[in-house]
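Trainee: Could you show me how to read a protein model, feature by feature? I would like the general idea each time, and then the case at hand.

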Amino acid sequence: QLNGTLNVALVEKVLSHLVSQHSTLRSVFSGNEGVDPVQYVREEIPAQVLEYVDGHNFSESLIKEKIKQCLREPFNLTSDFLFRFLLIQSATSSFYLVLNFHHITMDGISTLNFIKEFKFHYNSRSFSSSLVFPEVVDIEQSLGFAQNPKVSNWTLSRKYWEECLSEGAFDLALPRPPLYEQNEGIFQDEEHEIIFSIELMH
């Protein structure tokens, strides 16, 4: 929930910019029956990335229902852009911004980074006072639990991973699906080696 003066046109402009910058948000997955799905990255972005709803006359329960509808509507992996952005204006200076991503394109940490990018670009382009965003502590805490089931506290989880990385770089091999990128060639299904360095922690 956002309170204050909000430039709705700028919100959509910033969201469009971020979609253009992150190819995973422009991905679709398709394949014939019996064949592993293939990831395609579109060059274009939707003409309208943000759904704006005037909810001045909405009750609180109706606003919650609109948000639930946005979150529950399934994605078609073969044709849909795998995100939905909804902005409900409930009063002159009160808004609900919903950022819904399919889990195949964004995890919790990526979502946090997306929010940080959105805040930066919006506030750097706004001529009015900076928009104050609520803290997302609940997300950070859930990420801490997800990273290590034995650790339910975000601070302890961060300390755990810092200790894991304290001895320097280590290799992590992850299987990747074949990726078709327009004008970029074809990458066959294979193992890609990813190296994490302690330098990434700073």
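This is a predicted model: local features need pLDDT of at least 70, side-chain atom pairs count only at pLDDT 80 or more; totals for chains, interfaces and linings use all residues.

Trainee: How many helices and strands does the protein have?

Mentor: The secondary structure comes to 5 helices and 10 strands. Helices (H or I, at least four residues) and strands (E, at least two) are DSSP runs, numbered from the N terminus.

Trainee: And what share of the residues is buried?

Mentor: Buried means under 20% relative accessible area, exposed over 50%, and partly exposed in between, with a 1.4 Å probe and protein chains only. Here buried residues make up 31% of the 202 residues. For contacts, the criterion is heavy atoms within 4.5 Å. Of the contacts with a separation of 6 or more, 59% come from residues 24 or more positions apart.

Trainee: Now the sheet. In which order do the strands of the open sheet come?

Mentor: Strands of a sheet pair through backbone hydrogen bonds, either parallel or antiparallel. The cut-off for pairing is at least two bridges found by DSSP between the two strands. In this model 4 strands form an open sheet in the order β1-β6-β5-β4, with mixed pairing. The edges are β1 (2–3) and β4 (50–54); each has a single partner strand, so one side of each is left without a neighbour in the sheet.

Trainee: How many bridges join β5 to β6?

Mentor: There are 8 bridges, and the two strands run antiparallel; L86, for instance, stands opposite V98 in β6. A hairpin through 2 residues joins β5 to β6.

Trainee: Is β5 enclosed or open?

Mentor: Of the 9 residues of β5, 8 are buried, so the strand is largely enclosed by the rest of the structure.

Trainee: Which helix packs on the sheet and touches β4, β5 and β6?

Mentor: Axes are lines fitted to C-alpha atoms, for helices over the stretch in contact, and angles run from 0 to 180 degrees between N-to-C directions. Helix α1 (residues 8–21) packs on the sheet, touching β4, β5 (83–91) and β6, and its direction makes about 160° with that of β4. Helix α3 packs on the sheet too, touching β5 and β6, at about 135° to the direction of β6.

Trainee: On to the rings. How many aromatic pairs are there?

Mentor: A pair of aromatic rings is described by the distance of the centres and the angle of the planes. Rings of Phe, Tyr and Trp (its six-membered ring) pair if their centres lie within 6.5 Å; planes under 30 degrees apart count as stacked, over 60 as edge-to-face and the rest as tilted. The structure holds 6 such pairs. For F101 and F114 the centres are 5.0 Å apart and the planes stand at 70°, so the pair is edge-to-face. It links F101 in strand β6 (residues 94–101) with F114 in helix α3 (residues 108–125), 13 residues apart. F101, at 12% relative accessibility, counts as buried, and F114 does at 2%. Ring pairs link F81, F83, F85, F101 and F114 into a cluster.

Trainee: Which arginine lies over the face of F81?

Mentor: A charge sits over a ring if NZ of Lys or CZ of Arg is within 6 Å of the ring centre and within 35 degrees of the ring normal. R42 lies over F81, at 4.2 Å from the ring centre, and R84 lies over F75, at 4.1 Å.

Trainee: Last, the single residues. Is R26 buried or exposed?

Mentor: R26 is buried, with a relative accessible area of 9%. R26 sits in the loop between α1 and β2 (27–30). Leaving aside neighbours within four places in sequence, R26 has contacts that include Y40, R42 and F81. By contrast, E51 in strand β4 counts as partly exposed at 46% relative accessibility. E51 touches F85, L86 and L87, not counting residues up to four places away in sequence.

Notes. Residues are numbered from 1 along each chain as its sequence is written. Side-chain values use heavy atoms; hydrogens and water are left out.
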